[in-house]
Structure formats: C-alpha cells, structure tokens
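Please look at the model with these notes beside it.

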Amino acid sequence: MLFLLGAILFSSLFSIIFKLCQKWGISCPQVIFFNYVTAILISWVPVGINLLNGSSTFTDYALEGQSITFAVIQGLLFVLGFSIMDRSVWRSGVALTTVAARASLILPVLLGWMVLSQPAPKWLPVGIVIISMALILLPNENQKHIGVKMSDKTDEQRRKLAILDLACVFLCYGVSDFFLKLSQDSVERNLAAGSSSETQLNALMGFIFLSAGALSLISCIVRGNFKGRPVTIRTIAGGAVLGIGNTLCTSCCLRALERLSTDVFYPLYNIGIVILATVAGVIVFKEKIKWLQYAGIVLAIFAIFLFFK
C-alpha cells in the first residue's frame with residue numbers, strides 16, 4: 001500500500017511542476033532533459049557502487065533483448081508524454097490534463113485484451129462511451145496562457161487545440177502504461193534464470209531512463225531548445241525535482257504491480273491522482289473549472305471504477 005500511495009503522490013507532481021515552470025518562465029524542454037539526467041544518476045550510481053564493492057556483478061543487471069526493447073520504447077513514450085503534458089497543462093490546466101492522462105487506463109485494458117488475450121472487462125463498451133463523453137467535456141478554452149499571446153486564436157480554435165492536446169495525452173499515457181506492464185512482465189520471466197527481482201527492476205529503470213535521456217537530448221538539439229536560452233540554476237533545479245519524482249514514481253509503480261493485482265492497483269492509482277491534481281489545480285493555481293468540466297471529471301472517475309468491476 002505504501003508503494004501505491006507513493007506512486008499517486010509522485011505522479012501527481014508532474015503536471016504541477018510543469019505549471020510552475022510555465023509560471024516562472026523556465027524552459028520546460030530543458031527541464032525534461034535535466035529530469036532524465038537526474039533519473040539516470042539516481043538509477044545507475046547505486047549500480048556502480050554495488051559493482052565496485054563486489055556485492056553484485058554485471059550478470060545480475062543483464063536484461064533480455066525483449067526487456068531492453070521495451071525499455072527503449074518506454075523511454076520514448078516517457079519523453080513524448082512529458083512534452084505533450086507540458087503543452088496540455090499550458091492550454092487546459094493541471095486538473096483537466098491529469099484527468100485525461102489517468103482516464104487513459106482504458107488503453108492498457110484494451111491492448112491487454114487485444115494483444116495479450118486477457119479477459120475483457122464486463123462493461124467495456126459502456127466504459128468506452130463514458131470515457132469518450134468525459135474527453136469531450138474536459139477541454140477548457142478559457143484558460144489563461146502564460147507568456148504567450150493567443151489573440152490570433154478564436155475560442156473555437158483554442159477549444160480544438162485543447163481537445164487535440166488532451167487526446168494526445170490520453171493516447172500517449174495509455175500506451176505508456178501498457179508498455180510499463182509489458183516491461184515488468186518481461187523482467188519477471190527472466191527471473192527464472194536466478195536473477196534478483198530488485199536488481200532486474202533497477203536495471204530496467206536504468207535502461208528506460210538512459211533511452212529517455214538520449215531521446216530528450218536529441219529532441220532539444222533538433223528543436224533548438226538550447227539556442228538563445230542559457231541553462232540556469234532554476235532549470236537544473238526544476239529538472240532535478242522532476243527527475244527525483246519521476247524515478248520514485250516509476251519505482252513505486254513497478255513494485256506496486258509486483259504486490260497488487262492490476263484490478264486493484266490501476267483504479268486506486270488513477271483515481272487518487274485525479275483527485276489530488278484537481279484539488280491542487282483549483283486551490284493552488286486557482287484554475288477555473290466549469291460545471292461541464294466537473295461533469296467530465298466525475299465521468300472519468302466513474303469509468304475507472306467501471307473498468308475494474
């Protein structure tokens with residue numbers, strides 16, 4: 001249960017940190033890159049210490065080819081997820097972006113049914129309809145955009161962009177959750193060779209963050225995110241905070257999935273994040289949420305329960 005609570009808390013921080021970076025004028029792409037630098041250090045420094053003092057060997061951290069492939073894909077999804085979340089928080093706010101990310105649990109359920117031949121939830125068609133209604137209600141075209149002039153956009157154009165952002169958040173985080181479960185399952189299968197669960201999970205996290213860090217650096221260079229925007233102490237500090245939360249969240253999720261069944265973990269995890277982020281958005285950031293958006297939030301929470309009935 002402690003791992004579940006930790007996963008909820010640290011995951012809730014993501015959209016909040018992006019909101020603060022936007023408010024303070026900090027480059028979010030740079031923060032995302034330094035987040036992965038921090039995560040790589042946290043993941044691999046203990047591994048290096050264990051190797052140097054002889055308490056473990058390289059073999060203990062060896063992953064199967066399939067696990068490494070999943071780790072690379074997961075790293076790509078992590079980078080895309082953060083980039084899309086940054087944009088969506090700017091357009092729609094912390095609360096609504098987080099709801100879209102958490103409502104995406106429909107995708108790992110659907111993919112598990114289609115790809116892994118897992119049993120489909122009893123209320124699958126109804127859940128799909130409810131999630132679709134929630135996503136239609138969530139976009140908010142009246143959010144204030146920090147530091148960017150939107151006078152050239154009409155309310156209808158802003159709403160369409162908000163819908164696109166929320167849909168991308170929904171898609172990316174849903175696929176990411178599915179591949180995280182695939183990664184954890186691939187590690188479990190490798191334990192038959194006598195490896196330790198703890199060292200294998202540490203290796204998996206390390207490879208995920210290495211691939212994410214490399215892809216984030218390439219993205220920053222290609223998009224010119226370092227040109228004309230010098231790296232500051234605030235950027236590095238923001239990346240460090242996000243990286244610590246990212247590492248702890250991933251670690252808690254992997255270990256919670258070891259101890260809890262998916263029908264217990266995912267509804268509690270997602271609903272907990274929705275509630276915490278909504279409270280933070282409304283109370284801390286004074287986000288104005290209309291009754292239609294609240295209806296969308298309620299529908300999303302109901303769908304989360306429904307999928308695991």
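1. The lining of the second largest cavity consists of five nonpolar residues, three polar and one charged. Here Ala, Val, Leu, Ile, Met, Phe, Trp, Tyr, Cys and Pro count as nonpolar, Asp, Glu, Lys and Arg as charged, and the others, Gly among them, as polar. The lining includes Ser11, Phe14, Met85, Arg102 and Tyr173. At least two of the lining residues come from helix 1, and at least two from helix 4. The space amounts to about 50 Å³.

2. The model is predicted, with local features needing pLDDT of at least 70 and side-chain atom pairs pLDDT 80 or more, while totals for chains, interfaces and linings use all residues. Residues are numbered from 1 along each chain as its sequence is written, and side-chain values use heavy atoms, without hydrogens or water.

3. A cavity is a set of points on a 1 Å grid over the protein atoms alone where a 1.4 Å probe fits but cannot get out; lining residues have an atom within 4 Å of a point. The largest cavity has a volume of about 250 Å³. Among its 20 lining residues, Phe14, Phe78, Tyr173, Ser176 and Asp177 lie nearest the centre. Helix 9 contributes the most to this lining, five residues. Helices here are DSSP runs (H or I, at least four residues), numbered from the N terminus.

4. Which residues does Phe82 touch? Leaving out residues up to four places away in sequence, they include Phe14, Phe18, Tyr36, Tyr173 and Leu242. Touching, or contact, means heavy atoms within 4.5 Å.

Notes. 1 Å grid on protein atoms, 1.4 Å probe; cavity = no way out; pocket = protein on both sides within 12 Å on 5 of 7 lines; lining within 4 Å. Points joined across faces, edges and corners; volume = space filled by probe spheres on them.
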